[in-house]
Amino acid sequence: MTARLPHPAPSFQLLPGAPDSPVLLHVPHSSRTVPAEVRAGIVLGDEELARELDHITDAHTEEIAAEAAATAGATPWRFVNRLSRLVVDPERFPDEREEMLTVGMGAVYTRTTHRAALRPDGFDPAPLVDRYFAPYARAMTDAVAERLAAAGRAVIVDVHSYPTETLPYELHGEGPRPPVCLGTDAFHTPPALLAAAQKAFAGFGEVGTDSPFAGTYVPLAHYGRDPRVSALMVEIRRDRYMTEPGGPAGPGVRALGAALAELVDAVSAPVRGEA
């Protein structure tokens, strides 16, 4: 029988924006926090774990989103993961649809960025999925539903970062690594949203699409079903705003926050045909 862990307080936070804003900034990978009971199931030593967190964490992306929220004309809502993606990765498919399972990085990681063991062979991910992944997914689904009810549409902007140099876990790391990569979805990323992001981030150099990372996050309840939900992933190359790996932020955080605010304002404006 699978052991069940007691449910803790929520490991995520929904930070309110303007009541009628359709925009939800999603920050899933910015935290380094690993609860003690989860740490016990990780086989890395403390120094190894700290180094892995340096590589896997989208450091300072919460700060970039906060800067955008503070400077945008219409304050977006923010959904922020307060735990490390080494606890669970809320953006993975929770089943066999997830291609990252091939490198041990599904909803619950069993391998590191360098393909070493993170958790022991035979590790059962079910308690972590039940305790952390499922509540997160429900809360994000509810947050999108609230934007739909308030604004008639929802715009998810997924805020990420990625390393300058390819890491061994990357399945598609052989392609371009531009300063800003925009991840798209054929159903949920309309041309106007992509164009607005390309314009907002043009000052940072090349703005690429779907390389080295592709796709974007939409809750499964809406995924491929609801055209009122649009989404875009913003992947920022880390050398543009921080010292790699895992080092301090630089002045790029403020500039990137301003660019993200420009995108927020562009997509917050009522679309043609709205009342």
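**Charged pairs and the sheet**

Modeller: Arg 92 is buried, with a relative accessible area of 13%. Buried means under 20% relative accessible area, exposed over 50%, and partly exposed in between (1.4 Å probe, protein chains only). This is a predicted model, in which local features need pLDDT of at least 70 and side-chain atom pairs count only at pLDDT 80 or more, while totals for chains, interfaces and linings use all residues. Residues are numbered from 1 along each chain as its sequence is written, and side-chain values use heavy atoms, with hydrogens and water left out.

The partner of Arg 92 is Asp 89: the two form a salt bridge whose closest N and O atoms are 3.6 Å apart. A salt bridge here is a side-chain nitrogen of Lys or Arg within 4 Å of a carboxyl oxygen of Asp or Glu. Asp 89 is also buried, at a relative accessible area of 0%. Arg 92 and Asp 89 belong to a network of salt bridges that also links Asp 58, Arg 85 and Arg 238. Side chains of opposite charge can pair when their charged atoms come close. By the rule above, the count comes to 15 salt bridges.

Two further pairs show how such contacts can connect elements. Arg 32 meets Asp 54 in a salt bridge, 2.9 Å from N to O. Arg 32 sits in the loop between strand E2 (23–27) and helix H1 (36–39), and Asp 54 in helix H2 (residues 46–56), so the pair ties together parts that are 22 residues apart in sequence. Helices (H or I, at least four residues) and strands (E, at least two) are DSSP runs, numbered from the N terminus. Arg 32 is partly exposed at 36% relative accessibility, whereas Asp 54 is buried at 15%.

The second pair is Arg 254 and Glu 67, with 3.9 Å from N to O in their salt bridge. It links distant parts of the chain, since Arg 254 is in helix H6 (residues 252–268) and Glu 67 in helix H3 (residues 61–71), 187 residues apart. Arg 254 is exposed, with a relative accessible area of 62%, and Glu 67 is partly exposed, with 23%.

Now the sheet. Seven strands form an open sheet with mixed pairing, in the order E1-E3-E2-E4-E7-E5-E6. The edges are strand E1 (12–15) and strand E6 (207–209), each with a single partner strand, so one side of each is left without a neighbour in the sheet. Two strands pair if DSSP finds at least two bridges between them. E1 runs antiparallel to strand E3 (residues 77–81), joined by four bridges; Leu 14 has Phe 79 in E3 as its bridge partner.

Strand E4 (residues 154–162) is mostly covered, with nine of its nine residues buried. In a regular strand the side chains alternate between the two faces of the sheet. On one side of E4 lie Ala 154, Ile 156, Asp 158, His 160 and Tyr 162, on the other Val 155, Val 157, Val 159 and Ser 161, and all are buried. Four bridges join E2 to E4, and these strands run parallel. His 26 stands opposite Asp 158 in E4. E4 also runs parallel to strand E7 (residues 229–237), with nine bridges between them, and Ala 154 has Val 229 in E7 as its bridge partner.
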